[in-house]
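Welcome! Take a look at the sequence and the structure first, then read on.

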Amino acid sequence: MAIARRNPLLTLGKYAAILFYLCFALFPLYWLLKIAITPDQLIFTEGTALWPSDATLGNFTKVIWQTDFLRFFRNSLIVSLASAAITTVIAAGAGYAFSRFRFRGQKLIIALMLLTQMFPLLMIIAPIYKIVAALGLLNSLSSLVLVYAAFNVPFATFLMQSFFDGIPKDLEDAAMMDGCTRFQALRKVILPLTLPGLGATLGFVFTAAWSEVLFALMLIRSEDSMTFPVGMLTFVSKFSVDWGQMMAAGVLALIPSCLFFIFIQRYLVQGLTSGAVKG
Amino acid sequence: MTQGTLAPGATRAHQRFVWSHLIEPYLYLTPALVLIALVMLIPLVVGVSYSFQSIMLLKPGQAEWVALDNYLALWSDTKFWISLENTLVWTFGSLFFQFTLGLGLALLLNTSFPLKRLFQAIVFLPWAVPTFLTALTWAWLFNPLIGPLPHWLAAVGVLPEPFNILGDPDLAIWGPIAANIWFGVPFFAITLLAALQSIPSELYEAAEIDGATAWQSFTKITLPFLAPMIAITVMLRTIWIANFADLIFIMTGGGPANSTQILSTYIFTTAFKKLDFGYASALAVALLFLLFLYAVVLLALRRRFVRL
């Protein structure tokens, strides 16, 4: 800003603000990492020091090899990848319909989809539990995949629609003129152009499924099929003194989300504002 | 697409109209509609019907219709009223700081400085941290054994001694609120930044030529342009935060002595721990009704005060 260049005090304030936001965003994560690499015997003497006098990766190896976290990690990976894949395929279809057609019932369907983003999801936790139990699917990962896919389809649809809106309609018109059916045109011409959009949608759904905890707690009670969040909460309530191990597990849980975040963060401003609003 | 070869033009046009307005779009939409209907809309209706029944999984016996019993119980349930009060503190406490810090961050990101892209990636990072991990991390930060916050708070005189505020009924709610602020600032920054970027830069140039101060261009150009976006974001976000139970459930479980119990955590613990689905559903319907009321009031206010 021109004003900032003229006034040194404002420039100083600006850099102070930058520093504040950096510390605010990073400090909790730094602390997680710090406790994770602090050796057990130092945790209580140096627990609140800014930097440990000694570092170890022992907590990570213990978490990986001596606990069930590898299994929780695998379960979460299966659930999140499957939810993301299913949601993206379904949402691509629906987003395409919203982007390219004007049809009867469109407004009603959009209203219904917006409604699903507004009401308390906890409202359906009891009915879902009863239905899943009646189908004999309690403690199964597939019930979670189905639930997560449904929760994320509306938002993913609006996201995909905004990506389709950015691709000129002429492209598939031309392909259809050359004898393709609409579906062929979509598959061969449009989808390759929406790859970034598909990737962003996959990322959003993956991170949402990766961090969901309340429905996972409700539907999964056996240790074998616990997802990472449920496993971690169980671990925390059982072994609440193993600080180093818990935080090491936390750091591990952070990795997949961060990878996806790095990938999707360029689409954030574009994606979040074009379609719908979601945490 | 098959069409009678002898069909006159009008019929063919009609058929094409029916195809592209009634049939073809639904071929692409059906999977989404089926999934949403099966997993969300039908359970929603079932959930409302549960609120008029007595369904306790821990007590044997069939579910029975009890008319308004659940709602009458709710009306005289002090825990419900406490939760309602806490919901207000939780929602507006979180919202206020998320919004002000988010607006500040958006304004900052709308200027230019070295390494801005890296800065943006770092400050948006909390938004990608899984909520259960945000909750655990902040719970640990507030623990005097391994976290620095109690010591800092004691050092600046906010706390008389370094203790865990999550265990203090008067202060506990600010623990999850702090975590929620950390988690929610990027969201507001992202949305407001997009709105800021859509303000034509000519307006600022003209204002500068006319001798407007930075504060004047902020209040006379930026804020009026942002107002519609702010109104809709704040409304949606309020609803979202009020429904957001994860942080509180993990950090305090609603305690101590229900001092952090908000409606959504009360719903969850009633369903999850007591398996009292009837009462949990009645609580959920009450929350839905209150949120609906809030949205109606806010939309009415918006129509009056925000000129579009």
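Which helix gives the largest share of the nonpolar patch? It is helix α3 (residues 78-109) of chain B, with 3 residues. Please keep in mind that this is a predicted model.

**The nonpolar surface patch**
- B:Val89, B:Phe96, B:Phe97 and B:Trp174 make up this patch, with an area of about 370 Å².
- B:Trp174 sits in helix α7 (residues 174-197) of chain B.

**The nonpolar core**
- In the largest nonpolar core you will find 188 residues.
- Helix α8 (residues 141-165) of chain A gives the largest share of this core, 16 residues.
- Among the residues with the most contacts inside the core are A:Met232, B:Trp90, B:Phe119 and B:Trp140.

**Where the two chains meet**
- On the chain A side 97 residues are in contact with chain B, and on the chain B side 98 residues take part.
- About 8,500 Å² is buried between chain A and chain B, and carbon and sulfur atoms give 82% of that area.
- How many salt bridges does the rule find across this interface? The count is 1.
- A:Arg182 and B:Glu24 form a salt bridge, with their closest N and O atoms 3.3 Å apart.

Note on methods
Residues are numbered from 1 along each chain as its sequence is written. Chains are lettered from A and ligands numbered from 1 in the order in which they are written. This is a predicted model: local features need pLDDT of at least 70, side-chain atom pairs count only at pLDDT 80 or more; totals for chains, interfaces and linings use all residues. Side-chain values use heavy atoms; hydrogens and water are left out. A nonpolar core is a set of buried Ala, Val, Leu, Ile, Met, Phe, Trp, Tyr and Cys residues joined through side-chain atoms within 4.5 Å. Buried means under 20% relative accessible area, exposed over 50%, partly exposed in between (1.4 Å probe, protein chains only). Helices (H or I, at least four residues) and strands (E, at least two) are DSSP runs, numbered from the N terminus. Patches are made of residues with over 30% relative accessible area and no salt bridge: like charges are joined within 9 Å, nonpolar side chains (Val, Leu, Ile, Met, Phe, Trp, Tyr) within 5 Å. Accessible areas come from the Shrake-Rupley method with a 1.4 Å probe; for residues, only the protein chains shown count as cover. A salt bridge is a side-chain nitrogen of Lys or Arg within 4 Å of a carboxyl oxygen of Asp or Glu. Contact means heavy atoms within 4.5 Å. Buried area is the accessible area (1.4 Å probe) that two parts lose on being put together, summed over both.
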